[in-house]
Amino acid sequence: MLRELGRWLGPERTRFLLALLAGGAAVSVGLQVAGRDADWRGPVQMAVLWLLMAGVALIFGSRMPAEDRGRFWLAVGPGLVLLGLGVLLPDRALFFSGAGLGWIVVAQVVLRPRVRQEYQAAIRHLRRGRLPEAIAVMDEMIAAQPDAPGHHQFRAELCRLADRLEQAVESYRQVIRLAPESAAGYLGLAEVYAQQGQYAAAREYAVQAFEYDPHDWLTAYNLGMIEDRLGAAEPAIVHLEQASQLGLPHSRYRLLTRLWLARNHYRQGQLKSAQAQLDLLRKEQSGWQDWQLILESEQAAPLRRMVQADVDLAGRLLAPDAPLSWVAEAASVPETFD
């Protein structure tokens, strides 16, 4: 669980969080020693606790997607204000502290996003392979709530699965219009254009997604994949290494990341680095098995077009005697990259 939290926060926020917790613990111990019988120890400890909670809230709030950030601060912000009043007014500390903590706890329940009945219906259609019916449900939701970016995003995902790529593009553009500071719409467009083999256009949107959320492994992973397809070895290595450092959550992602890193190091003539990545790839046997199951699904047709060749190549490279030169095989590499 802690590892997953670290991956979600990213290395920079994780370091800040650990430093904040360590600092708070050190100050608390210092207060216990220096002010054992002092009257000011209690209020100061409360102030330190408040600063600790506010710092943690800022770290988590900054990692939230733009569309969820408002709900997060509505749940946490008033509670922090009430706790702060308890610090400023020690005589009423018990009242304000109880009210603040109570608000935070209750708000988590009251403000929790609920899966609407319409979404449940669309998901049921999706599980049964009835994509047109699932898209029709989302069309009705968008007609009723045209300014909800989540509706357009889910519709776009359904359209991609149904191979309605023009409709998917239009839905992702609506996501960008409604939530321009969210990476989701740009990331979706990058994936659609990559799915069509239009890698130059895909990279344009992948770069924008990465700029809006550089601490998400997926934006770095997709950008590195697209740059690999374009034959852009140097930036591909940079972004794939960053995705790896941010924490790839499953073996299947690590498998392809190691393949792409090996390929691009090989393109650069960095044979030792390429071999090192190939050695790491061979530790991801379970990831290759996962891809076999995923790509057999009827709904995986768009994904097969993007990664099937690389998954097959990775499977061949798992053999201990597979030559390093095999990593140079590429799904699609143009003559030049600008």
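Let's begin with how the chain folds back on itself: of the contacts (heavy atoms within 4.5 Å) between residues at least 6 apart in sequence, 59% join residues at least 24 apart. What you see is a predicted model, in which local features need pLDDT of at least 70 and side-chain atom pairs count only at pLDDT 80 or more, while totals for chains, interfaces and linings use all residues. Residues are numbered from 1 along each chain as its sequence is written, and side-chain values use heavy atoms, with hydrogens and water left out.

Of its 338 residues, 42% count as buried, meaning under 20% relative accessible area, with exposed being over 50% and partly exposed in between (1.4 Å probe, protein chains only).

Now look inside. The largest nonpolar core has 66 residues, and Leu158, Tyr221 and Trp291 are among those with the most contacts inside it. Such a core is a set of buried Ala, Val, Leu, Ile, Met, Phe, Trp, Tyr and Cys residues joined through side-chain atoms within 4.5 Å. Helix 10 (residues 183–195) gives this core its largest share, eight residues. Apart from it lies another core, of five residues, including Met64 and Phe72.

Finally, find the loop between helix 8 (149–161) and helix 9 (165–178), where aspartate 163 lies. Aspartate 163 is not a glycine, yet has a positive phi of about 65 degrees. Aspartate 163 is also partly exposed, with a relative accessible area of 44%.

Methods
Helices (H or I, at least four residues) and strands (E, at least two) are DSSP runs, numbered from the N terminus.
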